[in-house]
Amino acid sequence: CHQHIIIDPMKVTTTMSSTSTKSAIQYCPILLLLIHHCHGLAPPAPSNTRRNFLQNTVVSSITAATAAATTTTFPNLSNAAVESSSSNNQPLSLPPLGLGAWAWGDSVFWGYSPKNDEDLREVFDYALAKNLAFFDTAELYGLGRSEELLGKFREEDCATKEDEEKVVIASKFAALPWRTKREDVVKACRASVKRLGGRPIDLYQIHFPNAWSNAEYWDGLADARDLGLVKSVGVSNYGVDALRACHASLSERGIKLATNQIQMSLLYRWPLENGLLDACNELDVKVLSYSPLALGFLTGKYDRDNLPSGPRSKIGGQLFEDGASYERLLETMKNVAGEHGGAPLSQVAINWAIAKGTIPIPGARNIRQVKQNLSTLDWSLTAEEERMLDDASAKVTGFVTPNFFPRKDVNTGLAMYDS
């Protein structure tokens, strides 16, 4: 019943390029993020333990910072057979709203436990029943656990081929410092395909910029498309200049840059203010807006005396220091919700992101959350309500999220990230 957004894939041709490994010192922040993110996550397959992964990560990081990068792999990085699909050359159809699967495997930030798996299965089944089964995952999420769960649910819960075709999955390549070649993208993509059950990935994205080798990654995306591993390609956390460069590079190879996945919410408005959203619209690159609920701080669930646990607690403390402007935003959201039958504040936040022309991908960990999120599509903001929310959100200054992305490619000087 919902309008879908169509993105046409284009034919791939192949070129070759290479790069030498540079010092990883400028990449230290993203390494710290990776180590922090991986610690405590769900374990991968028994033969590739989390401890081994972290040991490999640390060894490779030190080596890269002092000399040349060491080859390090994610669990299950063997070649994967790809199931043929008659829809490989068909346009990618994206619903107006997706579901983020970052929490599906992440025990540090989101408190994941395997005992939650049946709750996550209910989320999958409900979205499938509503014909809104668009899930965004990544190889980093739970070190592959998120992908494995999606592959498992699709295999076990889709009763027919038609049901399988309703499921749209986007995944992401982690641009880690020792991954410097186009082949690294293809190798990681094969592993993601395997974890997802052997079907071509509907949308494969570069998760974040690297401090080098970015052009090699774009060739890797095109190669993965040429090999039939993926149907469409995109990027994530790319700024204006990087977006334009990637778009031009892929165009030379006959490929459309389909998406740019970026953080955007009523509490994180940078893409509206620095020209990034405008550039995406100009190039016909669809925007997937992640964290549209601002890590839960746009749900009305938290206050000064009731902050979330884990890393979000510090972010919340910074936000509530701002105090009055944040509370006025919540009050404005409540007023808007009241005009729509007392809708949850989360729906107000998601509808604002939709009104800006993006495809929000809020997370959902249980049946209550997925029902609430997908019901956002039952109503929409008026122009006046959107203006009121714009005015209130522009005054909030206390929300700050960690930024570990390299801002510049040290080889080319290209600005990669500007939010």
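This is a predicted model: local features need pLDDT of at least 70, side-chain atom pairs count only at pLDDT 80 or more; totals for chains, interfaces and linings use all residues.

Reader: What makes the span of H7 close to the one expected?

Author: Helix H7 covers residues 214-226, which is 13 residues, and reaches 19 Å from its first C-alpha to its last.

Reader: Why is H7 called mostly covered?

Author: A residue is buried when its relative accessible area is under 20%, and 11 of the 13 residues of H7 are buried, so the helix is described as mostly covered. Among the buried residues are Tyr-217, Trp-218, Leu-221 and Arg-225, and what covers the buried residues of H7 includes strands E5, E6 and E7 together with helices H6 and H8.

Reader: What makes Asp-418 the charged residue in the lining of the largest cavity?

Author: The lining has 7 nonpolar, 4 polar and 1 charged residues, and Asp-418 is listed in it. Asp, Glu, Lys and Arg count as charged, so Asp-418 belongs to that class. The cavity itself has a volume of about 70 Å³.

Reader: How do you know that Leu-267 is in contact with Phe-297?

Author: Contact means heavy atoms within 4.5 Å, and Phe-297 is listed among the contacts of Leu-267, as are Leu-298 and Val-396, so the pair meets that cut-off. Both Leu-267 and Phe-297 are among the residues with the most contacts inside the largest nonpolar core, which has 114 residues.

Terms used: Residues are numbered from 1 along each chain as its sequence is written. Side-chain values use heavy atoms; hydrogens and water are left out. Helices (H or I, at least four residues) and strands (E, at least two) are DSSP runs, numbered from the N terminus. The expected span of a helix is 1.5 Å times one less than its number of residues. Buried means under 20% relative accessible area, exposed over 50%, partly exposed in between (1.4 Å probe, protein chains only). On a 1 Å grid over the protein atoms alone, a cavity is a set of points where a 1.4 Å probe fits but cannot get out, and a pocket is an open set with protein on both sides within 12 Å along at least five of seven lines; lining residues have an atom within 4 Å of a point. Grid points are joined across faces, edges and corners, and a volume is the space filled by probe spheres set on the points. A nonpolar core is a set of buried Ala, Val, Leu, Ile, Met, Phe, Trp, Tyr and Cys residues joined through side-chain atoms within 4.5 Å. Lists of a residue's contacts leave out its neighbours within four places in sequence.
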